[in-house]
Amino acid sequence: QVQVAESGGGSVQPGGSLTLSCVVSGTFLRVDNMSWYRQAAGKQRELVADITSTGTPAYADSVKGRFIISRDNAKNTVSLHMNNLKSEDSAVYYCNVRALDTDYWSFDFWGRGTQVTVSS
């Protein structure tokens, strides 16, 4: 069993900053890619940023230069540091991890999401 839990959402004014955190727990052999997705009201879920097990990040064009993804492999955590937030960043943010379970199957696991609201 693998559990994924996000934290750190909240409300912030435009131009402000927030940091989201995600921790992976349970029984697994390895965590591979870790990603952040978001889903705004009435829109499809979209990939915001991901990071490989070796620390290589990738970002959606809409957040490049403003968001930074990082991970701590020893703690099985991934963070998303969001700067210069805009109203269009408002969404529910989801953590996604690809993990190898004890049967050597690789699965994607999702957290329940955390709300980010950017408003004046």
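The charged end of Arg 45 sits over the ring of Tyr 94, at 3.7 Å from the centre of that ring, where a charge counts as sitting over a ring if NZ of Lys or CZ of Arg is within 6 Å of the ring centre and within 35 degrees of the ring normal. Arg 45 also lies over the face of Trp 110, 4.7 Å from the ring centre. This is a predicted model, in which local features need pLDDT of at least 70 and side-chain atom pairs count only at pLDDT 80 or more, while totals for chains, interfaces and linings use all residues. Residues are numbered from 1 along each chain as its sequence is written, and side-chain values use heavy atoms, with hydrogens and water left out.

A pair of aromatic rings is described by the distance of the centres and the angle of the planes. Rings of Phe, Tyr and Trp (for Trp, its six-membered ring) pair if their centres lie within 6.5 Å, and planes under 30 degrees apart count as stacked, over 60 as edge-to-face and the rest as tilted. By this rule there are three aromatic pairs. In one of them, the centres of the rings of Tyr 94 and Trp 110 are 6.5 Å apart and their planes stand at 80 degrees, so the pair is edge-to-face. Tyr 94 belongs to strand β9 (residues 91-100) and Trp 110 to strand β10 (residues 106-110), so the pair ties together parts that are 16 residues apart in sequence; strands are DSSP runs (E, at least two residues), numbered from the N terminus. Tyr 94 is buried, with a relative accessible area of 14%, whereas Trp 110 counts as partly exposed at 37%; buried means under 20% relative accessible area, exposed over 50%, and partly exposed in between (1.4 Å probe, protein chains only). Ring pairs also bring in Tyr 37, which forms a cluster with Tyr 94 and Trp 110.

A disulfide is a covalent bond between the sulfur atoms of two cysteines. Counted as a pair of cysteine sulfur atoms within 2.5 Å, there is one disulfide, and it joins Cys 22 to Cys 95 with an S to S distance of 2.1 Å. The torsion about the S-S bond of Cys 22 and Cys 95 is about -80 degrees, so the disulfide is left-handed. Both Cys 22 and Cys 95 are buried.

Strand β3 leads in turn to a sheet. Four strands form an open sheet in the order β1-β3-β8-β7, with antiparallel pairing, and the edge strands, each pairing on one side only, are β1 (2-7) and β7 (67-72). Two strands pair if DSSP finds at least two bridges between them, and β1 and β3 are joined in the antiparallel sense over six bridges. Ser 7 stands opposite Ser 21 in β3.

Two loops remain to be visited. Asn 76, in the loop between β7 and β8 (77-82), has a phi near 55 degrees, a positive value in a residue other than glycine, and is partly exposed, with a relative accessible area of 22%. Tyr 104, in the loop between β9 and β10, has a phi near 65 degrees, likewise a positive value in a residue other than glycine, and counts as exposed at 63% relative accessibility.
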